[in-house]
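Q: I have a model open and want to learn how to read its features. Where do we start?

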Amino acid sequence: MEPIITPSLRVGRSVISYSFDVLLIIACLTVYSYVIYGLRPVLLTLITIGTAMLCEAIACLLSRRRLTFGDGTALVTGGLIAMMMSPITPVWAAMAAAAFAIWVAKMPFGGSGRNIFNPAAAGVAFATFCFPRSVLTYPNPDQGLRLLWDTTAVIPQESVASVLKSGGASFETPMNMLFGNTPGAIGATTILVLLAGLIYLACRRTVSLHAFIPYVLTCAVIALVFPRTGGNLLNGVFLELTSGLLLFGGIFMLNDPTTTPHHASGRVIFGILTGIAVMLMRHFGRFEDGVCFAILLMNPLSSVIDRAAWQVSHFVEKRWLHRV
Amino acid sequence: MNSAKRGIPMLLDKGVAAAKPIVVLGDVKRVYLPLSYGDQRRCRPVVKDFDTVMAGSVLAEPIDLDDVPLISSVTGVVAGMSEMFHPLYGQLTCSAIDAMLFESPTDPVTPTMPEDVDADTIMKCCKQAGIVDELDGVQLHLKLADWAATGTTPCLIADATEPEPFQSSAYAVLRAHSKPVQFGLRLAALAAGIPATRIALQTSYSRGRKLAERFDPNDIHSIRRRRYPLFDKEPAEYRGQCGFIGVQACLALYRAVTDGTPQTSTVITVTGDAIDEPRNLLVPFGTPIEAALQACGVDKTVGLLLLGDALSGVEITDRSLPILPGMTCLLAFSDPIKKRMRSCIGCGQCAAVCHKGLLPYEIARRYENLQYERLSALEPQECDACAACSAVCPAHRPLVQTVQQAAHSMGTIFVDWGDE
């Protein structure tokens with residue numbers, strides 16, 4: 001007969017606080033996009049979040065489970081999808097991405113905590129694959145968006161990632177890149193806000209930098225060795241890192257606790273592999289940006305990487321402890 | 001990996017109970033003394049119903065000659081037998097005694113180290129006095145004999161660290177009986193043939209530092225770490241080789257050797273927000289938990305009653321259970337502090353705090369998926385149930401419980417039905 005131990009004293013955080021931190025950064029990004037584009041991105045974000053919650057509710061009702069809104073992961077998924085959409089993405093495309101994320105990538109695997117693929121990455125990959133013109137068409141940030149629903153009058157602009165993909169030279173200044181003054185997704189262009197969010201999340205220990213730093217370094221090294229644009233090499237590296245969803249994916253989807261390794265050394269390996277996959281997708285892929293596809297590609301490997309990294313580090317630790 | 005950073009911040013809340021002196025629970029009505037502890041120890045009664053027994057007299061002889069006899073903790077009348085289920089010890093067959101008198105053991109005004117005692121005498125006294133070590137609930141003479149047989153233990157440590165939040169009984173005993181505990185520790189070391197002794201004490205808080213000043217610095221192993229669990233309880237020069245003994249067992253051994261007093265009582269910390277007067281209570285063995293709670297002024301609405309401290313304690317509902325050797329803390333909270341359990345989000349906090357470097361989330365996943373044959377690769381048997389993983393889990397999962405169960409079901413493909 002073994003004693004049953006009941007822990008009654010909690011020192012840690014709750015699941016909700018993790019979701020709350022991410023939602024806070026999403027809210028900041030939405031406010032910033034309101035300043036640049038007007039009301040449309042805000043409404044798009046709210047509709048996408050609403051769709052994600054509705055889909056989760058329907059999935060819970062169909063499978064006769066208790067509603068699982070409480071942990072806030074559906075809100076995070078909806079918010080992340082909206083941030084990766086273009087400001088002029090049709091509402092139905094964003095809703096389809098959210099529905100795919102919840103109904104295909106999340107709930108069939110058992111809901112939050114059990115999904116293999118990152119739902120937000122899966123949703124955006126689905127939308128990119130099915131409606132590339134809706135998702136990858138961006139408005140000019142200088143003009144602003146006065147139109148709410150009818151976006152046919154908007155003159156589409158090429159994003160930096162698209163310019164790099166076609167082998168052309170981008171003339172965006174670093175300042176424009178940092179302040180989000182370039183065509184791109186709602187939440188992924190404002191590099192300064194993203195970096196501030198990263199610092200906040202890292203200080204709150206919501207994300208760890210074990211995967212992010214190797215990921216960014218790997219991308220930078222590959223961009224340095226195999227540049228896609230002529231001219232200044234360092235400027236090319238800067239454009240690679242700040243264009244597309246590279247940083248956004250590195251901050252939010254590479255640190256999703258469920259679909260990435262948990263062990264520190266496993267996270268480092270995961271970050272490096274994802275960085276390689278992202279750059280391969282950018283060089284040889286069909287779309288201008290392959291961050292979501294690269295993360296989806298790596299997600300199933302995370303558990304294998306995690307176990308292997310733990311085995312090695314546990315073995316080393318035991319040997320080291322024995323020696324001491 | 002730097003294991004010193006592992007664990008969780010220590011949440012010490014010893015407060016009122018530790019500040020007050022030990023109080024004797026004098027007016028206990030009835031005590032329940034177990035003839036058998038699960039399958040650990042069995043005794044044959046030598047008294048009949050309605051016999052009058054004196055405190056310290058033998059109630060039952062052990063069936064196995066290596067075991068200690070069952071000794072009456074009070075003077076009173078034998079009132080029959082009763083069966084009860086104890087969450088720590090399993091099924092108990094108890095002898096009920098209607099108590100008439102309980103006298104707390106006393107020490108001489110100026111305690112001295114007994115002269116002219118040899119190891120055999122100490123072992124004999126220890127066995128006759130029925131001393132059980134409160135650290136692990138093992139009979140002290142067995143532990144001493146074990147150390148004496150192996151002969152490789154370089155240092156014996158009286159463990160007064162109490163890293164968990166509320167318990168302060170070892171501290172209280174050490175403060176009230178500094179010299180007897182120290183002499184008892186030396187006697188135990190003498191019996192086990194161990195050359196060095198230390199008293200391990202937390203000096204990260206002022207009360208511990210003041211207590212440490214009473215002793216010679218060479219007799220104290222002071223621990224300043226402020227994270228739970230403590231795993232530097234051993235001095236650096238003897239790491240991984242020391243033997244541990246409880247403070248109350250040291251005191252009982254000293255009394256047994258000096259005047260042959262058997263161990264009949266224990267000091268238990270009774271605290272929690274449902275208790276009006278938290279204190280360290282000296283109770284005779286077999287006192288029902290209800291009596292200890294009443295003596296400290298329990299609130300009517302106790303939402304959660306824990307036997308043991310907040311992190312490693314066991315929830316109990318039956319207040320008639322007796323207080324037995326090995327119990328040193330009783331917590332009563334008005335709020336059940338139970339939160340809804342969610343599924344694992346894979347944050348990895350449990351692995352980050354585990355001082356053994358295990359992966360509790362993965363062990364729990366494999367255990368819950370009935371992948372018993374894949375458990376051994378994760379080494380769940382290394383878990384020492386410190387419960388740090390459960391305390392940090394944001395999804396409020398009972399991880400330590402699952403890991404402990406996993407450690408026992410390793411290598412089998414059969415479902416653990418939990419009947420034996």
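Q: Which residue stands opposite B:F85?
A: In an antiparallel pair, one looks across to the partner strand. In this predicted model, the residue facing B:F85 is B:Q91, in β9(B). The two strands involved are β8 (residues 75–86) and β9 (residues 90–101) of chain B, which run antiparallel and are joined by 11 bridges.

Q: What is the order of the strands in the open sheet of chain B?
A: The sheet has 7 strands, with antiparallel pairing, in the order β5-β8-β9-β3-β4-β6-β7. Its edge strands are β5 (52–53) and β7 (70–71) of chain B, each pairing on one side only.

Q: Which residues of α4(A) are buried, and what covers them?
A: The buried ones include A:M95, A:F100, A:I102 and A:K106. Among the elements covering the buried residues of α4(A) are α2 (39–62) and α5 (119–130) of chain A.

Q: Why is helix α14 of chain A described as largely enclosed?
A: Count its buried residues: 7 of the 8 in α14 (residues 291–298) are buried, so the rest of the structure largely encloses it. Among them are A:C292, A:F293 and A:M298.

Q: Where in chain A is confidence lowest and highest?
A: The lowest mean, 82, belongs to helix α15 (residues 302–323), and the highest, 96, to α4(A). Over residues 1–5 of chain A, the pLDDT is below 50. Where pLDDT is low, predicted coordinates should not be read in detail.

Notes: Residues numbered from 1 in each chain as written. Chains lettered and ligands numbered in written order. Predicted model: local features only at pLDDT ≥ 70, side-chain atom pairs only at ≥ 80, totals over all residues. Pairing = 2+ DSSP bridges. Helix = DSSP H or I, 4+ residues; strand = E, 2+ residues; numbered from the N terminus. Buried ≥ 20, exposed ≤ 12 C-beta atoms within 10 Å, placed from the backbone. Contact = placed C-beta atoms within 7 Å. pLDDT = per-residue confidence, 0-100.
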